[in-house]
Amino acid sequence: MSVVTQSPLFGIALTVAAYAIGLWVNRKTGLSIANPNLIAIPLVILCLVLTGTPLEDYQRGGEMINMLLGPATAALALSIYRQREILRENFLPVILGCLAGCCASVASTLALCRVFHLDEALTASLLPKSVTTPIAVELSTQGGGIAAVTIVVVIFTGIAGAAFAPGLLRLMGITDPMAQGVAIGTASHGVGTARALELGKVQGAMSGVAIGVSGIITVLLITFL
């Protein structure tokens with residue numbers, strides 16, 4: 001068994017299989033909470049525990065999948081380009097929306113860290129929770145945070161956004177496609193953007209824009225904290 005698990009193909013196959021199961025459950029139930037990522041993660045953990053597979057063995061294939069994160073984020077530029085006219089006409093509202101969202105995210109996270117008396121390392125790890133993983137990890141590391149904690153929090157934030165954002169938008173009466181996209185992208189980065197694309201082309205494009213803009217704003221905010 002160790003020969004199989006030590007192959008990079010094991011991590012890749014396990015990840016793809018777990019996500020496929022999550023996608024099947026999501027389509028069968030039609031529930032936002034049945035997010036494929038939310039289902040796939042515990043399935044992978046359960047498989048590793050039951051087979052006694054070390055995390056290092058899984059990571060041989062998992063790291064290869066992680067390499068696709070950058071190109072996948074960059075590919076969002078295509079949907080942004082297709083909606084460039086809308087972006088040009090609403091440039092200032094998009095920037096202000098991202099700024100408001102970033103300030104709310106960083107301020108609320110910092111306040112909660114102070115309330116629960118978390119140390120500086122954990123605080124630095126949690127602050128960039130709403131930006132895409134490459135930016136969040138770099139911010140966390142530079143601030144003395146723990147990269148592993150940051151990755152977990154970023155993933156959880158994205159999954160929560162993808163699962164609950166559509167319902168929250170309806171509850172708040174936010175029907176404008178541009179506002180929906182900016183809100184989702186600012187709060188829940190790439191995972192949320194994947195959900196925004198399902199809501200519509202404009203939502204997906206604006207969410208993709210919000211990822212980049214929010215990343216820049218968050219870097220500036222955390223740098224001067």
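Me: Helix 9 passes helix 10 in which kind of crossing, left-handed or right-handed?
Reply: In this predicted model, helix 9 crosses helix 10 in the right-handed sense.

Me: What describes the packing of helix 9 and helix 10?
Reply: Two packed helices are described by an angle between axes and a distance between axes. For helix 9 (residues 133-142) and helix 10 (residues 147-171) the angle is about 145°, and the axes are 9 Å apart. Helix 9 brings Thr-133, Ala-136, Val-137, Ser-140 and Thr-141 to the contact, and helix 10 brings Ala-147, Thr-150, Ile-151 and Val-154. By class these are 5 nonpolar, 4 polar and no charged residues.

Me: Why is Ser-140 called buried?
Reply: Its relative accessible area is 0%. Buried means under 20%, so Ser-140 qualifies. Ser-140 lies in helix 9. Leaving aside residues up to four places away in sequence, Ser-140 touches Ala-124, Ser-125, Pro-128, Gly-145, Ile-146, Ala-147 and Thr-150.

Me: Is Ala-40 buried or exposed, and how do you know?
Reply: Ala-40 has 8% relative accessibility, and that is under the 20% limit, so Ala-40 counts as buried. Ala-40 belongs to helix 3 (residues 36-51). Beyond residues up to four places away in sequence, Ala-40 touches Ala-18 and Tyr-19.

Me: What makes the pair Arg-60 and Asp-57 a salt bridge?
Reply: The closest N and O atoms of Arg-60 and Asp-57 are 2.5 Å apart. The rule asks for a side-chain nitrogen of Lys or Arg within 4 Å of a carboxyl oxygen of Asp or Glu, so the pair passes. Side chains of opposite charge can pair when their charged atoms come close. Arg-60 and Asp-57 are 3 residues apart in helix 4 (residues 55-66), which means about one helical turn separates them. Arg-60 is partly exposed at 39%, whereas Asp-57 is buried at 8%.

Me: Why does the pair Arg-114 and Glu-120 count as a salt bridge?
Reply: The N to O distance between Arg-114 and Glu-120 is 3.9 Å, and the limit is 4 Å, so the pair is counted. Arg-114 is partly exposed, with 44% relative accessibility. Glu-120 is at 53%, and exposed means over 50%, so Glu-120 is called exposed.

Me: How many salt bridges are there by this rule?
Reply: The count comes to 3. One of them joins Glu-198 to Arg-195, with the closest N and O atoms 3.1 Å apart. Glu-198 and Arg-195 are 3 residues apart in helix 11 (residues 177-199), so about one helical turn separates them. Glu-198 is exposed, at 60% relative accessibility.

Note on methods
Residues numbered from 1 in each chain as written. Predicted model: local features only at pLDDT ≥ 70, side-chain atom pairs only at ≥ 80, totals over all residues. Heavy atoms only, no water. Helix = DSSP H or I, 4+ residues; strand = E, 2+ residues; numbered from the N terminus. Buried < 20%, exposed > 50% of the residue type's maximum accessible area, 1.4 Å probe, protein only. Axes fitted to C-alpha atoms, helices over the stretch in contact; angles between N-to-C directions. Left-handed = near helix turned anticlockwise from the far one by under 90°. Contact = heavy atoms within 4.5 Å. Nonpolar A, V, L, I, M, F, W, Y, C, P; charged D, E, K, R; others polar.
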